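Here are a few quick comments from my read-through, written as numbered points. Have the model open while you go through them.

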Amino acid sequence: MADTRLHTCMLCEAVCGVAVGIEDGRVLSIRGDDDDPFSRGHICPKAAAIGDVSSDPDRIREPMRRVGDRWETISWEAALSEAAERLAAVQKEHGRSAVGLYLGNPNVHSYGATLGAIYFGKALGTRARFSATSVDQLPQMLAALEMFGHQLAFSVPDVDRTEHMLILGANPLASNGSLMTAPGIKKRLEAIRARGGRFIVIDPRRTETAQIADEHHFIRPGSDAFLLLGILHTIFAESLERTWRQNYPMEGWDDLRRVAAAFPPERVAARTGIAAETIRTLARDFAKAEHAVCYGRIGVCTQEFGALAAWLVVALNAVTGNLDREGGAMFTTPAVDIVSLGSKLGQRGHFGVWKSRVRGLPEFGGELPAVTMAEEMETPGKGQIRALVTVAGNPVLSTPNGARLDRALSKLDYMVSIDIYRNETTRHANLILPTTFGLERDHYDVALYGLAVRNAARYVEAAIAPPPGVRSDWDVLFGLALALYGKGGGKRDRKFNLMMRGLKALGPKRVLDALLRIGPHRLSLAKLKKAPHGIDLGPLEPRLARLMRGHSVKLAPSLFLEDIPRLEAALARPEPSGLVLIGRRHLRSNNSWMHNSLRLVKGKDGCTLFMHPEDAKSRGLKTGDRVVAGSQRGRVETTVEVTDAISRGVVSLPHGWGHGRRGTALSVASRHAGVSINDLTDEAEFDALSGTASLSGVPVTVERAAEKELLTAAPAE
Ligand SMILES: Nc1nc2c(c(=O)[nH]1)N[C@H]1C(S)=C(S)[C@@H](COP(=O)(O)OP(=O)(O)OC[C@H]3O[C@@H](n4cnc5c(=O)[nH]c(N)nc54)[C@H](O)[C@@H]3O)O[C@H]1N2
Ligand SMILES: Nc1nc2c(c(=O)[nH]1)N[C@H]1C(S)=C(S)[C@@H](COP(=O)(O)OP(=O)(O)OC[C@H]3O[C@@H](n4cnc5c(=O)[nH]c(N)nc54)[C@H](O)[C@@H]3O)O[C@H]1N2
Ligand code: SF4
Ligand SMILES: [Mo]
């Protein structure tokens, strides 16, 4: 019998409410929930693929054990026992940090996994922790930590009330917004113009977002810190700052003024590719708007000066009096308030307390940069990573020089992957522990409601039953942690272990209920269940004074000031004369793991190399030609797409492709394999301040593929 159940899409950060048509326990249809006050019926083409993943024949439905090249099923009891025994053995012999942990992006999209992974990490007791953070938003977290004293104190654009939005390195029309939970972002951006405002995009590509913007300026990859300093220079030089507009204490004005003074627009124009007069106009328009917000995302984070750029975005909002102010950059007041709770418990985050073993890169919030993962596995000595647990991650495709990591994984003593697919990463595991997915679990977005552009909350029960052989991420993480303790591994702390036992028995729902009850809106699961379409908790409100608890906002933290000489040195350095590579996202693709849904990958090839007509002409290339792109790290063969939407000297490949590797079980994706951009990106290139991968602006060469290459280009293993 057909039935409609409400749920929330867990694929990206927009948290769209969905209404799921179900018959005989299977998903028939997924449409937007028109009665969700926050998402108002919005969905994108990916939502329909949630059901495809659930019922995907390739999905792992029982624990699997690898014996050589063969995979066999194994019971949960045997699997947990084996994993615990092998991990404990490595830890006992080589120390706790000899077992690494990598947490991937989908952990953020399940509250059970988010909470479970925090405790699992603690239970494992390793310093070899990694996650997608260091190929993503780490610089923005570092800016939050240094400026506001909490690594999760993200300021989000009050997009619904701003009059002027300056967007750097983000393409919300494809990504649906990031560190800015804003379902239906296209309409929200268009509404800025409808109320007389403007929005401007700064991007090396004329993206889908740029195409509907009032202005777009091409920028040289990796130069956002220069542009932002040029803008700040103008603001100070023309006395456009608004020192009086904040209602919280703020320090560091003079330091910021001094730094900006050294970067007049004329000095940064060539490096950014943006004319000095344009930079001045950008500054004036921004500073003079009554409600303005600058928003930067992954394009400004994953570059050589990612941390400086992330800091300067917030600083620009602050000096123009737009921080914590209507229509500016504000702080969400979510129903589950991790920032306030963490602050009360003294958990604010930390940076650089210890360094990675081989290259000496700084930890952030207890994890090491992903660019160090392979070397920490390959380099012998005390602390070498010999075993690994991955949880919902695919670092072979998502971290720089994935091919090297691929090889390093194949040499580990032992590996466990908690995942739903046997993909490029998890094929190396000795055990794959499969979990529930999507509609099969209840959902409240602990992480993303904390970044929402309106205060909102929605809780939904599981809509369909999971396959009988899988367990929830929470159960698997706690189960593995407890089994590990039982075998003498992990953190040897009886009290902690008892707490883990208690939490496992309590289950995620009760923890969520408690978090809602102590949260600022005093909600509860029962209250949320009475409003299955979700609750609107009103527009964002100023809250920085309360968050800062008497401390001053630091406009110019010394950590960033000390990185300025490195920026200066880069200005003196000659620019690469050849092509540089950037990434891109597409509305129908989600990082590395949804290419096994035929409805998303069929049709036009999603993995092509964008190239400017002049660059194509000088190489005698046209759309459809096969080419080899090569970098310091590797070579991939792909198809050119000539377009003037990319700036000259820049080429772009999407990330998350490259499914041609042997030993995966992805029957659709392997037929739409594409190539991995991260076979070209370089683990030796990173933001030296924060340790974040530098994925933008990788020097590459592009040549027509030779006949012999066309024949021999076997995918990397
Ligand atoms: N060059 C380049 N590289 C990039 C980026 C880029 O822009 N350019 N973007 C970076 C960014 S922002 C990110 S976040 C990372 C993502 O990097 P990762 O998190 O490493 O990779 P994902 O592709 O998200 O892989 C998610 C994995 O989780 C599994 N999975 C999905 N749902 C569930 C679930 O509910 N439970 C469990 N247990 N497993 C699940 C999938 O099968 C897959 O194996 O990639 C980064 N890499
Ligand atoms: N459809 C879809 N949605 C997604 C994802 C997905 O894979 N597919 N991934 C999700 C994840 S994990 C994340 S983190 C978010 C990311 O969300 P966004 O940050 O919006 O991600 P992108 O679309 O990659 O946009 C980054 C932009 O930065 C530009 N850029 C590259 N280098 C530079 C530079 O040096 N300077 C400037 N100014 N711009 C630069 C690129 O051209 C690109 O347009 O998206 C999320 N949503
Ligand atoms: S925009 Fe994001 S949350 Fe909304 S339907 Fe698409 S993938 Fe899901
Ligand atoms: Mo991400």
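**Notes on the ligand site and a helix pair**

1. Start at alanine 174: one of its backbone N or O atoms sits 3.0 Å from a nitrogen atom of ligand 2. Keep in mind that this is a predicted model.

2. Serine 175 places a polar side-chain atom 2.7 Å from an oxygen atom of ligand 2. For aspartate 203, a side-chain N or O atom is 2.6 Å from an oxygen atom of ligand 2. As for cover, ligand 2 on its own has 920 Å² of accessible area, and the protein covers 97% of that.

3. Which residues come nearest to ligand 2? There are 30 residues around the ligand, and the nearest are Ser175, Asp203, Asp224, Ser589 and Asn591. Sorted by class, the shell around ligand 2 comes out as 14 polar, 10 nonpolar and six charged residues.

4. On where the shell comes from: helix 5 (172-175) gives at least two residues to the shell around ligand 2, and so does helix 12 (298-301).

5. Now to a helix pair. Helix 3 (residues 111-124) and helix 19 (residues 494-518) have axes that come within 10 Å and cross at roughly 160°. An angle over 145 degrees counts as roughly antiparallel, and helix 3 and helix 19 are therefore roughly antiparallel to each other. The crossing of helix 3 with helix 19 is right-handed.

Conventions: Residues numbered from 1 in each chain as written. Chains lettered and ligands numbered in written order. Predicted model: local features only at pLDDT ≥ 70, side-chain atom pairs only at ≥ 80, totals over all residues. Heavy atoms only, no water. Near = heavy atom within 4 Å. Polar contact = N/O pair within 3.5 Å; in protein donor to acceptor, adjacent residues only side chain to side chain. Areas by Shrake-Rupley, 256 points an atom, 1.4 Å probe, with all protein chains shown as cover. Helix = DSSP H or I, 4+ residues; strand = E, 2+ residues; numbered from the N terminus. Nonpolar A, V, L, I, M, F, W, Y, C, P; charged D, E, K, R; others polar. Axes fitted to C-alpha atoms, helices over the stretch in contact; angles between N-to-C directions. Parallel < 35°, antiparallel > 145°, perpendicular 65-115°, else oblique. Left-handed = near helix turned anticlockwise from the far one by under 90°.
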